[in-house]
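I opened a new notebook page for this chain.

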Amino acid sequence: MADTSETPAVGVPERSQFGEPRHVIDPPAPLRAMTIQAHPDDQEFTVGGTLAKWAPAGTHIVTVCITSGGAGSNKYTPADMTSAKLVAMREPEQLAACKVLGVAETVFLRYPDGALQHTLELRRDLTRIIRRYKPEVVITGDPTVRFYGSSYLNHPDHRAAADVALDAVFPSAGTRFVFEELLAEGLPPHEVQQVWLHGSQQPDTWIDISGTLGTKLAALQQHTSQLGEWDPSSMLATWAAEQGAAVSLTAAESFRRMILSEG
Ligand SMILES: [Zn+2]
């Protein structure tokens, strides 16, 4: 057993032996990473600083956007806006944001915004993409978080996207006879090594984004249809300070990291 300091988890029949110490700061950038998000702009709000740090370090990053944000109206949305017009704006905004961050490829699955569900169809689609791009690390949200503070109900699309993403990682992507039709497409199993959950209430890993907070802001500002006249800079700085405080960093993005296998 790698970590004898932890109390064995009674009643858990299968448990990873890859124990790592808690409170890891800036582990090495992976060679290949994939983020899986529900909406355009989710990635920029949550993990843009990390991606902006990893891309120049050589990480090949693929962004998967499950919906194209057709329900993203707010007080800045013109009265004559339609969902189709929004999609036509938001995909280019996401592409521009990805360019700022150094993302290599962006994939839109075009599921309906606001009505995302945990379906086998979506799990198969995500499994296909994971097998195609072979990421070491998959980044997504934490599907177990129902509430943030006392004023934000975690969006059902966020929970569904993260939940299906985890099921696509394990067992679907790495198991030969789950979605056998993918074998016929020339996509053999691929084992993702690590899953990083943003927005987790049990973080154990931090990325110092003091050098990339400005890039994160610049990427978020590409989502002009959503921001309107709002300047998100102080909110991003506050979030980064709050996440970094636990490990004495001035600006960080925090994650719960699951280590499924070692490369
Ligand atoms: Zn969202």
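**The sheet.** I traced an open sheet of 8 strands with mixed pairing, in the order β1-β9-β10-β8-β5-β2-β3-β4. I take helices (H or I, at least four residues) and strands (E, at least two) as DSSP runs, numbered from the N terminus. Two strands pair if DSSP finds at least two bridges between them. At the edges I found β1 (24-25) and β4 (105-111), each with a single partner strand, so one side of each has no neighbour in the sheet.

A note on what I'm looking at: this is a predicted model, where local features need pLDDT of at least 70, side-chain atom pairs count only at pLDDT 80 or more, and totals for chains, interfaces and linings use all residues. Residues are numbered from 1 along each chain as its sequence is written.

**Around β10.** I checked both pairings of β10. With β8 (residues 194-198) it pairs in the antiparallel sense over 5 bridges, and there Leu197 has Arg256 of β10 as its bridge partner. β9 and β10 are also antiparallel, over 4 bridges, and Asp208 stands opposite Ala252 in β10.

**Helices on the sheet.** Which strands does helix α4 (residues 120-133) lie across? I listed β2 (32-37), β3 (60-67), β4 and β5 (137-141), with α4 running at about 160° to β2. Then I looked at α5, which packs on the sheet, touches β2, β3, β5 and β8, and makes about 155° with the direction of β5. For these angles, axes are lines fitted to C-alpha atoms, for helices over the stretch in contact, and angles run from 0 to 180 degrees between N-to-C directions. Contact means C-beta atoms, placed from the backbone, within 7 Å.

**α5 itself.** Helix α5 (residues 156-173) has 18 residues that should span 26 Å at 1.5 Å a residue, and its end C-alpha atoms are 24 Å apart, which agrees. The expected span is 1.5 Å times one less than the number of residues. I call a residue buried if 20 or more other C-beta atoms lie within 10 Å of its own, exposed if 12 or fewer, and partly exposed in between, with C-beta atoms placed from the backbone. In α5, 14 of the 18 residues are buried, so the helix is largely enclosed by the rest of the structure.

**α9.** Next I picked helix α9 (residues 233-245): 13 residues, reaching 18 Å from first C-alpha to last, close to the 18 Å expected. Which residues of α9 are buried? They are Leu236, Trp239, Ala240, Gln243 and Gly244. Seen down the axis of α9, they fall within an arc of 125° (taken from the directions from the helix axis to the C-beta atoms), so they line one face. The face turned away carries the exposed Ser234, Thr238, Glu242 and Ala245. The cover over the buried side includes α2 (48-54), β9 (205-208), α7 (213-220) and β10 (252-259).

**One spot in α3.** I found Ala96 in helix α3 (residues 83-101), partly exposed, with 15 other C-beta atoms within 10 Å. Its C-alpha is 6.2 Å from that of Gln222, 126 residues apart along the chain.

**Whole chain.** I counted 9 helices and 10 strands. Of the 263 residues, 43% count as buried. Among contacts between residues at least 6 apart in sequence, 78% join residues at least 24 apart.

Methods. Contact = placed C-beta atoms within 7 Å.
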